[in-house]
Amino acid sequence: MTETQTRTGCAVSFTGAVKAYGAVRAVDGVDLRIQRGETVALLGRNGAGKSTAISLLLGLNAPDAGTVELFGGEPERAVRAGLVGAMLQEARAVPRVTVRELVRFVAGRYPDPLPLGQVLELAGITDLAARRVDRLSGGQTQRVRFAVALAGNPALLVLDEPTAALDVEARRAFWESMRAYARGGRTVLFSTHYLEEADAHADRILVLDRGRIVADGTSERLRQAAGGSLVAFDLAGRGREGLELLPGVRAVEVRGDRARLRTDDSDATVVALAGMGAIRNLEVAPASLEDAFLALTAADAEAGGAQAADAEAGGAPNATEGSGGTDETDEMETV
Ligand SMILES: Nc1ncnc2c1ncn2[C@@H]1O[C@H](COP(=O)(O)OP(=O)(O)OP(=O)(O)O)[C@@H](O)[C@H]1O
């Protein structure tokens, strides 16, 4: 435990953490601090390194380089002390035991567990308590895994894609419970592919791409990093030439006859478009978190996506240092 971490009360701390599988650097030099009480979403495309980062955090894997600490010490120590509850992607069905037996067993291994009834209620599985855990549907199994993560009343809850397989109602109930749990001052880290979940339920969003954190901030900050607004209009036969040079414009995308401009100053962009008479079916909308995500995690590795993302994220507080070099307009054109 370092003095700094003791003082700052970090729940999670990665310092230059690296984990490689052969040639793949699944986690590639991650520096990260999560303070106690934060609810943090981890976003990234398939294979970005989210599960690997979570496995390092839980001490299931050791980093090849750098350090990973929980509550200022080794992850294993925090896990043994009952400070951590986790819901991982791979479900290991325990044959023959009931939901109640499983949750009670897990709770019994923690020093200060939640009452069984409360856990079952929070996870929405009170009516499944007598059912065998190896005979549940995918969504029911997912809720049991949430109950298992909660049972010990952990200070840190780690949830890897917690709402995968949940229907709309179960998903809403899950987030209500998660938020109620987080309100008690607990730290929550969850990974998700649902951007709206990160937007709605996290204080802070981390975007991971090719093992690196390419953005770190609130969803507003990520949106700003991607360009504040989108201005769309019909080209009505005119070319796209010169649109990149309009005031505020950071990127141009043309699909068919419709142009979409990502702009930092939509007023100035619209005034300039009006001066050109290019206002047919004009729409102005704030950039969505999805726009930001796509910009931050360029789909085409050949386009130098991580570097482009870094460069772009450089405008956002807490975004990682970029190595730059890729023209963002080019990147948008490939979308
Ligand atoms: N046990 C392993 N052996 C070899 N390569 C692995 C292993 N686990 C992960 N990888 C590779 O490491 C990279 C990161 O994988 P990881 O599962 O951490 O990504 P992820 O962001 O969780 O993806 P997803 O959203 O698809 O779950 C991928 O390229 C993956 O193929």
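## Close-up views of a predicted model

**View 1. Helix H10 and the residue after it.** Gly277, which follows H10, has a positive phi near 75 degrees. This is a predicted model, in which local features need pLDDT of at least 70 and side-chain atom pairs count only at pLDDT 80 or more, while totals for chains, interfaces and linings use all residues. Residues are numbered from 1 along each chain as its sequence is written. Helices (H or I, at least four residues) and strands (E, at least two) are DSSP runs, numbered from the N terminus. In helix H10 (residues 266-275), the buried residues are Ser266, Thr269, Val270, Ala272 and Leu273, a residue being buried if 20 or more other C-beta atoms, placed from the backbone, lie within 10 Å of its own, and exposed if 12 or fewer do. They lie on the same side of H10 because they cover an arc of only 160 degrees around the axis, the arc being that of the directions from the helix axis to the C-beta atoms. Ala274 and Gly275, on the other side of H10, are exposed.

**View 2. The strands against which H10 packs.** Strand S10 (229-234), strand S11 (249-255), strand S12 (258-263) and strand S13 (283-286) are packed against by the buried residues of H10, where contact requires C-beta atoms, placed from the backbone, to lie within 7 Å.

**View 3. The open sheet S2-S1-S4.** Three strands form an open sheet in the order S2-S1-S4, with antiparallel pairing, two strands being paired if DSSP finds at least two bridges between them. Strand S2 (24-35) and strand S4 (65-70) are the edge strands, each pairing on one side only. From one strand to the next the twist averages 20 degrees, with axes taken as lines fitted to C-alpha atoms, for helices over the stretch in contact, and angles running from 0 to 180 degrees between N-to-C directions. Strand S1 (residues 10-21) runs antiparallel to S2 and is joined to S2 by nine bridges; Phe14 has Leu32 in S2 as its bridge partner. Across S1, S2 and S4 lies helix H2 (residues 50-57), which runs at about 60 degrees to S2.

**View 4. The shell around the ligand.** The residues around the ligand, including Tyr21, Val24, Asn46, Lys50 and Thr52, are those whose C-beta atom, placed from the backbone, lies within 6 Å of it. S2 and H2 are the elements that give two or more residues to this shell, and H2 supplies the largest share, three residues.

How values were computed: Contact = placed C-beta atoms within 7 Å.
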